[in-house]
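Here are my notes on this one, as numbered points. Have the model open while you read.

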Amino acid sequence: MRKLSAIIVTALAAALLPAMAVSASDDVISIGFAQVGHESDWRTASTKSCQDVFSAENGYDLSFVDCDNDEAAQKEAVRSFIEQDVDYIIIDPIIATGWDTVLTECEDAGIPVIVIDRTIDDSDKYAAWVGSNFKTEGLAAGEWLKAYADKQGIEELNVLTISGSTGSSAQIGRSEGFNEVAEKYGWNLIDEQTGDFTEAGGQEVMENYCKSYEGQFNVVVCQNDNEAFGAMTAMDNAGVTYGPGNDVILISYDACTAGLEDVKAGKITADFECNPLAAPFVEEVIKQIEAGETPEKEVYMVEHWYALEDQVVDFEIDGVAQEMTVVTDEVIEAQY
Ligand code: GYE
């Protein structure tokens, strides 16, 4: 009797197990993620956010491609995800335009695309976008500068900008926002050259600026922290001082841990956050699609503007009062 039941159990298990294995793997959601590259601290935090959320333990099979800032490689990556027939494709678009053809291919294959961080500006064939308002970041930096310069009694602002990767929506939005404010107040925008969002790029552009515009500038705007790190090295070498109370007001974007440490150390005068932790919101979008719901087309990340106490000033964007966050050790500790 015992022997018989054992045989039955074994036979049942043999019949059921393959089916169970199939249905278990059916539950796994496969995702292809075409990431911009690895150019900055921000990017490292963005990649980690996706890898943490879309882990095997959480029921995902993530194919991650680092596109190394190469637009063609990014389109290739998306096409390889279509070949693999993944369930979802996540794209952080290096460049804002040139996407309609490949997004049509995703649509034809029935694979929903979720865009994160940077925007796609010439196609709406994606399910949702989760990211930041880069123009608002630029407006914030500009309006802060106006209020801060007024408080310090600085009348003339001569600005050098080290921009991000040309044609990326992060670069376009930050330049648009800041330059709009600069024009409104009649500041002198001396030059704007790209540092490609890298430390090496920031250093190279700043070395050239220090030679070409020696003694002619009092504001340097870096469109991310890594460019600011490079610009600081170049200014150190050229004997230009920066940060509160020094020759140059140094503005940065991203506000990653190392950027905030430089705010705390009195090197970066103010840092305008771009929040890279989009993945939990992307997971929400996927859950909604899985449940047959239509997700919000645009989801905006919450961000903060950082400075030391003495550099905190009141300012508004389009009539909306902005709050600034004072950088402390606890704030740095909590940052990505
Ligand atoms: O500011 C920069 C990164 O797309 C918002 O890309 C992102 C930007 C970020 O390399 O550090």
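**Notes on the fold**

1. Helices H8 and H9 are oblique to each other, a label for angles that are neither under 35 degrees (roughly parallel), over 145 (roughly antiparallel) nor 65 to 115 (roughly perpendicular). The axes of H8 (residues 225-238) and H9 (residues 257-264) come within 9 Å and cross at roughly 50°. Axes here are lines fitted to C-alpha atoms, for helices over the stretch in contact, with angles from 0 to 180 degrees between N-to-C directions. Helices (H or I, at least four residues) and strands (E, at least two) are DSSP runs, numbered from the N terminus.

2. Before going on: this is a predicted model, where local features need pLDDT of at least 70 and side-chain atom pairs 80 or more, while totals for chains, interfaces and linings use all residues. Residues are numbered from 1 along each chain as its sequence is written, and side-chain values use heavy atoms, leaving out hydrogens and water.

3. Back to the helix pair: H8 passes H9 in a left-handed crossing, meaning the near helix is turned anticlockwise from the far one by less than a right angle. Asp-225, Phe-229 and Met-232 of H8 meet Ala-258, Gly-259 and Asp-262 of H9, with contact taken as heavy atoms within 4.5 Å.

4. Now the sheet. Six strands form an open sheet, ordered S2-S1-S3-S4-S5-S11 and paired in parallel; pairing takes at least two DSSP bridges between two strands. S2 (60-66) and S11 (298-300) are the edges, each with a single partner strand, so one side of each has no neighbour in the sheet. From one strand to the next, the twist averages 15°. Helix H3 (residues 71-84) packs on this sheet, touching S1 (29-35), S2 and S3, and its direction makes about 170° with that of S1.

5. S4 pairs in parallel with S3 (residues 88-91) over three bridges, Ile-89 standing opposite Val-113 and Ile-91 having Val-115 as bridge partner. Three bridges also join S4 to S5 (residues 128-131), again parallel, with Ile-116 partnered by Val-130.
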